[in-house]
Amino acid sequence: MRTLVFIPAWNEEASVGEVVRDIAANLPDADVLVVDDGSTDQTATHARAAGARVASLPFNQGLGAALQTGYLYALREGYDVCAHLDADGQHPPGEVARLLEEVREDRADLVIGSRYRAPGEGEDDDYRPSLSRRIGTNLFRFFLTLATRQRFTDTTSGMRAANRRVMALFSERYSPDFAEIESLQLAVRLGLRVKEVPVRMLERSGGSSFLTPLRSAFFIFKSLIVLLVGQFRPRDSERGKA
(Lines give C-alpha, C1' and ligand atoms only; values in the text may rest on other atoms or scores of the structure.)
Protein backbone atom coordinates (compact mmCIF):
# COMPACT_ATOMS: atom_id res chain seq x y z
CA MET A 1 0.00 0.00 0.00
CA ARG A 2 1.36 3.41 -0.97
CA THR A 3 2.24 5.31 2.20
CA LEU A 4 2.95 8.97 2.86
CA VAL A 5 4.33 10.35 6.11
CA PHE A 6 4.06 14.11 6.31
CA ILE A 7 5.51 16.53 8.83
CA PRO A 8 4.10 20.01 9.51
CA ALA A 9 7.05 22.26 10.37
CA TRP A 10 7.53 25.87 11.36
CA ASN A 11 11.07 27.03 12.19
CA GLU A 12 12.28 23.53 13.08
CA GLU A 13 15.72 23.60 11.42
CA ALA A 14 17.34 22.14 14.54
CA SER A 15 15.44 18.86 14.37
CA VAL A 16 13.59 18.35 11.08
CA GLY A 17 16.51 16.73 9.25
CA GLU A 18 16.98 14.07 11.91
CA VAL A 19 13.23 13.38 11.97
CA VAL A 20 13.22 12.81 8.21
CA ARG A 21 16.20 10.45 8.44
CA ASP A 22 14.57 8.52 11.28
CA ILE A 23 11.42 8.04 9.21
CA ALA A 24 13.47 6.74 6.27
CA ALA A 25 15.23 4.27 8.56
CA ASN A 26 12.06 3.00 10.24
CA LEU A 27 9.62 3.26 7.32
CA PRO A 28 11.75 2.68 4.20
CA ASP A 29 8.72 2.11 1.95
CA ALA A 30 7.06 5.43 2.85
CA ASP A 31 7.45 8.73 1.03
CA VAL A 32 8.20 11.71 3.28
CA LEU A 33 6.74 15.19 2.82
CA VAL A 34 7.62 18.20 4.97
CA VAL A 35 5.01 20.94 4.90
CA ASP A 36 7.02 24.07 5.59
CA ASP A 37 4.54 26.50 7.14
CA GLY A 38 6.23 29.75 6.15
CA SER A 39 9.41 29.16 8.16
CA THR A 40 11.91 32.01 8.39
CA ASP A 41 14.88 29.70 9.08
CA GLN A 42 16.45 26.83 7.12
CA THR A 43 13.72 24.25 7.80
CA ALA A 44 13.00 23.61 4.10
CA THR A 45 16.71 23.37 3.20
CA HIS A 46 17.44 20.88 5.97
CA ALA A 47 14.39 18.79 5.07
CA ARG A 48 15.44 18.54 1.40
CA ALA A 49 19.01 17.70 2.38
CA ALA A 50 17.69 14.81 4.47
CA GLY A 51 15.75 13.44 1.49
CA ALA A 52 12.22 14.73 2.01
CA ARG A 53 9.89 16.34 -0.46
CA VAL A 54 8.95 19.84 0.66
CA ALA A 55 5.72 21.79 0.19
CA SER A 56 6.35 25.40 1.22
CA LEU A 57 3.43 27.60 2.21
CA PRO A 58 3.97 31.27 1.29
CA PHE A 59 3.53 32.50 4.87
CA ASN A 60 2.79 31.04 8.29
CA GLN A 61 -0.83 29.86 8.28
CA GLY A 62 -0.94 27.68 11.38
CA LEU A 63 -0.90 23.98 12.15
CA GLY A 64 -4.35 23.28 10.73
CA ALA A 65 -3.45 24.63 7.29
CA ALA A 66 -0.18 22.68 7.25
CA LEU A 67 -1.94 19.44 8.17
CA GLN A 68 -4.69 20.00 5.63
CA THR A 69 -2.01 20.52 2.98
CA GLY A 70 -0.56 17.12 3.87
CA TYR A 71 -3.93 15.37 3.67
CA LEU A 72 -4.73 17.05 0.36
CA TYR A 73 -1.35 16.03 -1.09
CA ALA A 74 -1.85 12.42 0.06
CA LEU A 75 -5.32 12.30 -1.50
CA ARG A 76 -4.39 13.87 -4.82
CA GLU A 77 -1.22 11.80 -5.23
CA GLY A 78 -3.14 8.56 -4.73
CA TYR A 79 -1.69 7.31 -1.45
CA ASP A 80 -3.58 4.50 0.27
CA VAL A 81 -2.60 5.46 3.82
CA CYS A 82 -0.86 8.40 5.42
CA ALA A 83 0.48 9.46 8.78
CA HIS A 84 1.81 12.63 10.30
CA LEU A 85 4.10 13.46 13.19
CA ASP A 86 5.72 16.55 14.65
CA ALA A 87 9.01 17.99 13.43
CA ASP A 88 10.50 18.47 16.89
CA GLY A 89 11.64 14.88 17.45
CA GLN A 90 8.99 14.00 20.04
CA HIS A 91 7.39 11.25 17.96
CA PRO A 92 9.49 8.11 17.34
CA PRO A 93 8.88 6.87 13.76
CA GLY A 94 8.80 3.30 15.04
CA GLU A 95 5.64 4.21 16.92
CA VAL A 96 4.16 5.76 13.77
CA ALA A 97 4.65 2.40 12.06
CA ARG A 98 2.33 0.83 14.66
CA LEU A 99 -0.41 3.35 13.88
CA LEU A 100 -0.07 2.75 10.15
CA GLU A 101 -0.41 -0.99 10.69
CA GLU A 102 -3.80 -0.45 12.35
CA VAL A 103 -5.02 1.43 9.28
CA ARG A 104 -3.50 -1.04 6.78
CA GLU A 105 -5.25 -3.91 8.55
CA ASP A 106 -8.54 -1.96 8.34
CA ARG A 107 -9.04 -1.89 12.09
CA ALA A 108 -9.71 1.86 12.00
CA ASP A 109 -10.05 4.80 9.63
CA LEU A 110 -8.15 7.21 11.89
CA VAL A 111 -5.63 6.15 14.56
CA ILE A 112 -4.33 8.47 17.28
CA GLY A 113 -1.06 7.90 19.11
CA SER A 114 -1.77 8.54 22.80
CA ARG A 115 1.13 9.59 25.01
CA TYR A 116 -0.84 8.61 28.11
CA ARG A 117 0.06 5.01 28.80
CA ALA A 118 -0.66 2.78 31.76
CA PRO A 119 1.14 3.71 35.01
CA GLY A 120 4.55 2.09 35.28
CA GLU A 121 5.08 1.75 31.51
CA GLY A 122 6.95 5.04 31.06
CA GLU A 123 10.68 5.37 30.49
CA ASP A 124 13.18 7.97 31.72
CA ASP A 125 13.28 9.98 28.48
CA ASP A 126 9.51 10.03 27.93
CA TYR A 127 7.74 13.34 27.41
CA ARG A 128 6.58 15.04 30.61
CA PRO A 129 3.76 17.55 30.01
CA SER A 130 3.67 20.82 31.91
CA LEU A 131 0.96 21.57 34.46
CA SER A 132 -0.96 23.81 32.04
CA ARG A 133 -0.90 21.11 29.39
CA ARG A 134 -2.11 18.47 31.84
CA ILE A 135 -5.00 20.71 32.84
CA GLY A 136 -5.91 21.38 29.21
CA THR A 137 -5.62 17.72 28.26
CA ASN A 138 -7.90 16.64 31.09
CA LEU A 139 -10.51 19.22 30.11
CA PHE A 140 -10.39 18.25 26.43
CA ARG A 141 -10.51 14.58 27.34
CA PHE A 142 -13.63 15.08 29.44
CA PHE A 143 -15.56 17.31 27.04
CA LEU A 144 -14.65 15.43 23.84
CA THR A 145 -15.55 12.11 25.44
CA LEU A 146 -18.84 13.65 26.56
CA ALA A 147 -19.54 15.12 23.12
CA THR A 148 -18.70 11.99 21.10
CA ARG A 149 -19.58 9.28 23.64
CA GLN A 150 -16.23 7.72 22.82
CA ARG A 151 -13.37 7.67 25.31
CA PHE A 152 -10.29 9.69 24.36
CA THR A 153 -7.11 10.15 26.39
CA ASP A 154 -4.90 12.31 24.12
CA THR A 155 -7.06 14.69 22.10
CA THR A 156 -4.20 16.97 20.99
CA SER A 157 -1.78 14.28 19.85
CA GLY A 158 0.10 15.22 16.68
CA MET A 159 0.88 11.59 15.81
CA ARG A 160 -1.89 10.12 13.65
CA ALA A 161 -2.48 7.70 10.77
CA ALA A 162 -5.39 7.65 8.33
CA ASN A 163 -6.92 6.04 5.26
CA ARG A 164 -8.40 7.61 2.15
CA ARG A 165 -11.82 8.21 3.76
CA VAL A 166 -10.13 10.45 6.30
CA MET A 167 -7.95 12.09 3.64
CA ALA A 168 -11.06 13.01 1.64
CA LEU A 169 -12.78 14.47 4.70
CA PHE A 170 -9.86 16.44 6.10
CA SER A 171 -8.71 17.76 2.72
CA GLU A 172 -12.13 19.45 2.49
CA ARG A 173 -12.77 20.30 6.15
CA TYR A 174 -10.04 21.01 8.66
CA SER A 175 -9.99 23.79 11.22
CA PRO A 176 -7.08 26.24 10.88
CA ASP A 177 -6.98 26.90 14.63
CA PHE A 178 -8.13 23.86 16.61
CA ALA A 179 -7.48 21.07 14.15
CA GLU A 180 -6.69 18.19 16.49
CA ILE A 181 -9.79 18.47 18.65
CA GLU A 182 -12.37 19.53 16.07
CA SER A 183 -11.17 16.89 13.62
CA LEU A 184 -11.82 14.10 16.13
CA GLN A 185 -15.29 15.42 16.89
CA LEU A 186 -16.08 15.68 13.17
CA ALA A 187 -14.74 12.20 12.34
CA VAL A 188 -16.79 10.52 15.07
CA ARG A 189 -19.96 12.45 14.19
CA LEU A 190 -19.63 11.32 10.56
CA GLY A 191 -19.29 7.65 11.52
CA LEU A 192 -15.58 7.11 10.90
CA ARG A 193 -13.80 4.53 13.04
CA VAL A 194 -11.43 6.40 15.34
CA LYS A 195 -9.04 4.48 17.57
CA GLU A 196 -6.32 5.35 20.07
CA VAL A 197 -3.08 3.38 20.47
CA PRO A 198 -0.71 4.00 23.42
CA VAL A 199 2.70 5.17 22.16
CA ARG A 200 5.96 6.58 23.45
CA MET A 201 6.62 10.27 23.05
CA LEU A 202 9.93 11.97 23.83
CA GLU A 203 11.02 15.43 24.90
CA ARG A 204 11.72 17.94 22.11
CA SER A 205 15.09 17.42 20.46
CA GLY A 206 15.37 21.06 19.34
CA GLY A 207 13.66 24.43 19.28
CA SER A 208 10.93 25.49 21.68
CA SER A 209 7.15 25.30 21.82
CA PHE A 210 5.16 28.40 20.86
CA LEU A 211 2.63 27.62 23.63
CA THR A 212 3.19 29.83 26.68
CA PRO A 213 0.95 29.45 29.78
CA LEU A 214 -1.13 32.43 28.60
CA ARG A 215 -1.49 31.01 25.08
CA SER A 216 -2.37 27.63 26.56
CA ALA A 217 -5.19 29.15 28.62
CA PHE A 218 -6.51 30.97 25.55
CA PHE A 219 -6.27 27.78 23.49
CA ILE A 220 -8.20 25.83 26.13
CA PHE A 221 -10.98 28.44 26.26
CA LYS A 222 -11.43 28.74 22.50
CA SER A 223 -11.20 24.99 21.95
CA LEU A 224 -14.05 24.37 24.38
CA ILE A 225 -16.15 26.92 22.47
CA VAL A 226 -15.32 25.11 19.21
CA LEU A 227 -16.44 21.79 20.73
CA LEU A 228 -19.68 23.34 21.92
CA VAL A 229 -20.48 24.86 18.53
CA GLY A 230 -19.61 21.60 16.77
CA GLN A 231 -21.96 19.69 19.02
CA PHE A 232 -24.93 21.79 17.87
CA ARG A 233 -24.04 21.74 14.16
CA PRO A 234 -26.62 19.72 12.14
CA ARG A 235 -25.22 16.35 11.09
CA ASP A 236 -26.77 16.62 7.63
CA SER A 237 -24.86 19.80 6.90
CA GLU A 238 -21.65 18.11 8.00
CA ARG A 239 -22.20 15.23 5.63
CA GLY A 240 -22.99 17.59 2.79
CA LYS A 241 -19.75 19.48 3.25
CA ALA A 242 -17.71 16.29 3.67
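Residues are numbered from 1 along each chain as its sequence is written. Because the model is predicted, local features need pLDDT of at least 70 and side-chain atom pairs count only at pLDDT 80 or more, while totals for chains, interfaces and linings use all residues; side-chain values use heavy atoms, without hydrogens and water.

The protein chain has nine helices and seven strands, which are DSSP runs numbered from the N terminus (helices: H or I, at least four residues; strands: E, at least two). Of its 242 residues, 51% count as buried, that is, under 20% relative accessible area with a 1.4 Å probe, protein chains only.

A nonpolar core is a set of buried Ala, Val, Leu, Ile, Met, Phe, Trp, Tyr and Cys residues joined through side-chain atoms within 4.5 Å. The largest such core has 31 residues, and I7, V20, I23, V34 and L100 have the most contacts inside it.

A second, separate core of 30 residues includes L33, Y71, Y79 and A162.

Helix α3 covers residues 63-76. Its 14 residues should span 20 Å at 1.5 Å a residue, and the end C-alpha atoms are 20 Å apart, which agrees; the expected span is 1.5 Å times one less than the number of residues. Buried residues in α3 include G64, L67 and Y71. Just after α3, G78 takes a positive phi of about 80°.

Terms used. Buried means under 20% relative accessible area, exposed over 50%, partly exposed in between (1.4 Å probe, protein chains only).
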